[in-house]
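I opened the model to look up a pocket, a few strands and some single residues. My notes follow in the order I made them.

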Amino acid sequence: RWVMSLAEVGKLSVYSSADLKNWVYDSAMARTDLGTLECPHLFPLHLYNPDGTTIEDKWMLLCGANGTSQGFTTGTAYWVGTFDGITFTPDTSMPQWLDAGPDFYATTVFADANAPDSLAYAFAIAWENNWDYATAMPTSGYFGQLSIVRQLRLQSVNGNPMLLSMPIAGQNAAYQSTIPGTDQTISDTVPYNWPAGLSSYSGRIDFMLSPVNGSWAGEIDLTVRSGDNDLTGIGFKPAGKIVSLDRSKCGSPPKSDTAWNAQRQASCDFGAPLTVSVFIDAGSVEVFINEGLALSGLITTPTDATGLSLTTSGGNA
């Protein structure tokens, strides 16, 4: 039989069919606190320990939802639990959020057809936009765009099963060249010295952030796509264990500027060096931290704004 997850008013339902024409209602998980529910996906994955060993297999129920009441915006919520073929039972009633940025919605999850183990990971792609300003984007005829494809892996983090997001290596084939940087200590007065030749509005930046002599700076700031009056900021605050995405100065905001300008942030573990990957496009920025945390957002920066900076305040990194 075929099993279908379906978003309905105030609930995520499960239906089944033997012929794809006649459908039987099996069960539902009621959710009246997350606005309009859209684009559900019900799928299993292995649950891994941090050392790569398998704990058990779990099921995910994922959907587009409104997270305003939980400190998020419209985005992708998910629950980890069990599924007996009829009923999905979440381990906890509170959802987790797949991306901490403002624009990662209507996520579609699919398997890697070439993977030797179909439960090791899944792929995901989303609509980068937000219902608060979806029809108010300043570019005529533009209603957001698709994200890059990311890999989802289910791992226990401090005893909590979480879907970790990470970029896919094959996407590097899209780039025409690679420019290596050098290790450098940056401080309040010494910013990072970027290598020559970086002048594109589209690219990928990979780097590692480390404390100096065991101490982090008060704040570390990466700005991308900066120009005369434009920039998009990615901030790291070790003391608060926070990473943030700020696009309030990235260009002309849609008319719903409150939702657009709000700084989006997520908890981040600074107990070890951070690996950071930033994908910059003409209309978006997607940030991946430690191959797990992700923040994605649209930007409206002019394409001639290509400046970069990496600075600290209150110490070194």
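I began with the largest pocket. Strand E14 (203-209) and strand E22 each give its lining at least two residues. Strands, marked E, are DSSP runs of at least two residues, numbered from the N terminus. E14 supplies the largest share of that lining, seven residues. In all, 38 residues line the largest pocket, and nearest its centre lie Ile-179, Trp-194, Arg-204, Ile-205 and Asp-206. I noted the space in it as about 1200 Å³. A pocket here is an open set of points on a 1 Å grid over the protein atoms alone, where a 1.4 Å probe fits, with protein on both sides within 12 Å along at least five of seven lines; lining residues have an atom within 4 Å of a point. Points are joined across faces, edges and corners, and the volume is the space filled by probe spheres set on them.

A note on the source: this is a predicted model, where local features need pLDDT of at least 70 and side-chain atom pairs count only at pLDDT 80 or more, while totals for chains, interfaces and linings use all residues. Residues are numbered from 1 along each chain as its sequence is written, and side-chain values use heavy atoms, with hydrogens and water left out.

Next I followed E22 into its sheet. I read an open sheet of five strands, ordered E18-E17-E16-E15-E22, with antiparallel pairing. Strand E18 (264-267) and strand E22 (307-313) are at the edges with a single partner strand each, so one side of each has no neighbour in the sheet. Neighbouring strands are turned by 15 degrees against each other on average, direction ignored. Axes for this are lines fitted to C-alpha atoms, and angles run from 0 to 180 degrees between N-to-C directions. Inside the sheet, E15 (residues 219-226) and E16 (residues 232-237) pair in the antiparallel sense over five bridges; pairing requires at least two DSSP bridges. Val-224 stands opposite Thr-232 in E16.

I then checked a hairpin. E12 (residues 150-157) and E13 pair in the antiparallel sense over eight bridges. Gln-155 stands opposite Met-162 in E13. Two residues lie between the strands, and Asn-158 takes a positive phi near 55 degrees. Is E13 enclosed or open? Six of the eight residues of E13 (residues 160-167) are buried, so the strand is largely enclosed by the rest of the structure. Buried means under 20% relative accessible area, exposed over 50%, partly exposed in between (1.4 Å probe, protein chains only).

Val-149 and Phe-279 are 130 residues apart in sequence but 11 Å apart in space, C-alpha to C-alpha.

In E11 I looked at Gln-145. Gln-145 counts as buried at 18% relative accessibility. Its side chain makes a polar contact with the side chain of Asp-281 (3.5 Å). A polar contact is a pair of N or O atoms within 3.5 Å; within protein, one must be able to donate a hydrogen and the other to accept it, and residues adjacent in sequence count only if both atoms are side-chain atoms.

Ser-27 counts as buried at 9% relative accessibility. Its side chain reaches the backbone oxygen of Ile-86 at 2.5 Å.

Methods:
Helices (H or I, at least four residues) and strands (E, at least two) are DSSP runs, numbered from the N terminus.
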